[in-house]
Each structure stands twice: as structure tokens, then as C-alpha cells.
Amino acid sequence: MATNEPRRVDDLDTLKAFGHPLRMKLYRALHISRTATASQLAEQVDEAVSLVSYHLRKLADHGLIEEAPTQGRDGRERWWQPASEGLTFRDEDFRDAPEKAATHAAIGRMSFEQRGELYRAYLDSQSAWAPTWRGAAFSSEFLGPFTPAELARLSEEMHELIKRHTDAARAEQEAGDTEGRENVALHVYGFPFRQH
């Protein structure tokens, strides 16, 4: 990957380019696999290779993904990788114009829906997972009276904690410790609400 840090998407054109349901799924699949071809990703998202190739090129046009080094591969197929360690989208970058704010909100909703689909798929197949995985999986809700600064600090600490554990797990995997390893989704939200 080009950078080990998340990329902050702060322009409307890149936000729109990412904001297609299939592109979001492809980005997630590529982020999990680290490198993949259009054919491999097409299998994962159950779409035609030509359509997947088109959407991968659109993501690449905006620097969200890039060609992966082809060392040790036959070179007949193009390999892709994320250009950064994830993406961030901040409200402050899109609140100065109605179109920007609407696009940011729409992509936030779409992302939430896709995350919900992923969790519903787990719930639907939960009994097929080993008891150790069912015991380790969790869903929690915490409610607290925070200030914006306290919530921002909590978010930063949680991201640091998750990154530390993710980096350690990837290092173990790359060192050959693959037994019992699965992809894990961890969705974290922190937002204000008023009780009515």
C-alpha cells in the first residue's frame, strides 16, 4: 500500500466517485484481501468482470486504489490494492454547500446500510460458526453524556486501539499464523441524540 495511514477524502468529486454501492463493496473486498484482480473481486461481489473492471478504474482515477506490484505474478491480469489504510470522511469538509452536505449524508447512509447487511448476514448464519466464534462475537451499545471534545478524544483512542490490534493480527498472519483466522468487521459509531 502506498501509505499506512487512512486517506481523508475532502473533495466532492472523490466522494461521489466512492459513493456508488458497488464501488463501496469493491473497496471493502479489496481492503480485506489487500491485493486482488478484477476477476477475483467479481467472484466476491457476484458481478461481471467487465463491470468490476470499470468500477475499479473509476476508484483508481481518484487515487482510492492503485495497481499492485506484479512480482511473482504472470502479468496477464492487473492486480489492485488500496492506496491507503482506509478512508475517512468528515462532515466539516462537506458542510459549506448543500450538494456537498447531501452527498456526504447519502454516502453515510449507504455505508451504514452496507454495514447493516454485513451484520445481518452474520446473524442469519450465526449457528454455522463455531462456538468459539459465536462466543467472541459481540454487539454492544454504550450511552454516555459527552461533550464534543470528550467524544473526539474517545474516538481517537478507540481508533488507536483498533489499529494496534489490527496491525498485530496482520503481522501474525504474514508470519504464517493463519490457523483459525477469519475476517472480522468491527463497526463503531459515536453520535449525539436527544431522547424524546
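# Exercises on a predicted model

Threonine 103 is buried, its relative accessible area being 15%. The model under study is a predicted one, and the exercises below start from this residue.

**Exercise 1.** Determine where threonine 103 is placed and which residues it contacts beyond its neighbours in sequence.

*Solution.* Begin with the secondary structure, in which threonine 103 has its place in helix 5. Next, apply the cut-off: the relative accessible area of threonine 103 is 15%, and buried means under 20%, so the residue is classed as buried. Finally, set aside the neighbours within four places in sequence; the contacts of threonine 103 are then with Leu12, Leu15 and Lys16.

**Exercise 2.** Classify the ring pair of tyrosine 119 and tyrosine 122 from its geometry, and locate both residues in the chain.

*Solution.* A pair of aromatic rings is described by the distance of the centres and the angle of the planes. The structure holds five aromatic pairs. In the pair of tyrosine 119 and tyrosine 122, the centres lie 6.2 Å apart and the planes make an angle of 25 degrees; planes under 30 degrees apart count as stacked, and therefore this pair is stacked. As for location, both tyrosines belong to helix 5, which covers residues 98–125, and they are three residues apart, about one turn of the helix. Tyrosine 119 counts as partly exposed, because its relative accessibility is 36%.

**Exercise 3.** Classify the pair formed by tryptophan 129 and tryptophan 133, and state how accessible each partner is.

*Solution.* The centres of these two rings are 6.2 Å apart, with 65 degrees between the planes; since planes over 60 degrees apart count as edge-to-face, the pair of tryptophan 129 and tryptophan 133 receives that label. Tryptophan 129 has a relative accessible area of 29% and is partly exposed, and tryptophan 133, at 26%, is partly exposed as well. Elsewhere, ring pairs join Phe18, Tyr27 and Phe89 into a cluster.

**Exercise 4.** Describe the chain as a whole through its secondary structure, its burial and its charges.

*Solution.* Start with the elements: the chain has seven helices and five strands, arranged along the sequence as β-α-α-β-α-α-β-β-β-α-α-α. Of the contacts with a separation of 6 or more, 67% are between residues 24 or more positions apart.

Technical notes
Residues are numbered from 1 along each chain as its sequence is written. This is a predicted model: local features need pLDDT of at least 70, side-chain atom pairs count only at pLDDT 80 or more; totals for chains, interfaces and linings use all residues. Side-chain values use heavy atoms; hydrogens and water are left out. Rings of Phe, Tyr and Trp (its six-membered ring) pair if their centres lie within 6.5 Å; planes under 30 degrees apart count as stacked, over 60 as edge-to-face and the rest as tilted. Helices (H or I, at least four residues) and strands (E, at least two) are DSSP runs, numbered from the N terminus. Buried means under 20% relative accessible area, exposed over 50%, partly exposed in between (1.4 Å probe, protein chains only). Contact means heavy atoms within 4.5 Å. Lys and Arg count as positive and Asp and Glu as negative; His and the chain ends are not counted. The place of a charge is taken as NZ of Lys, CZ of Arg, CG of Asp or CD of Glu.
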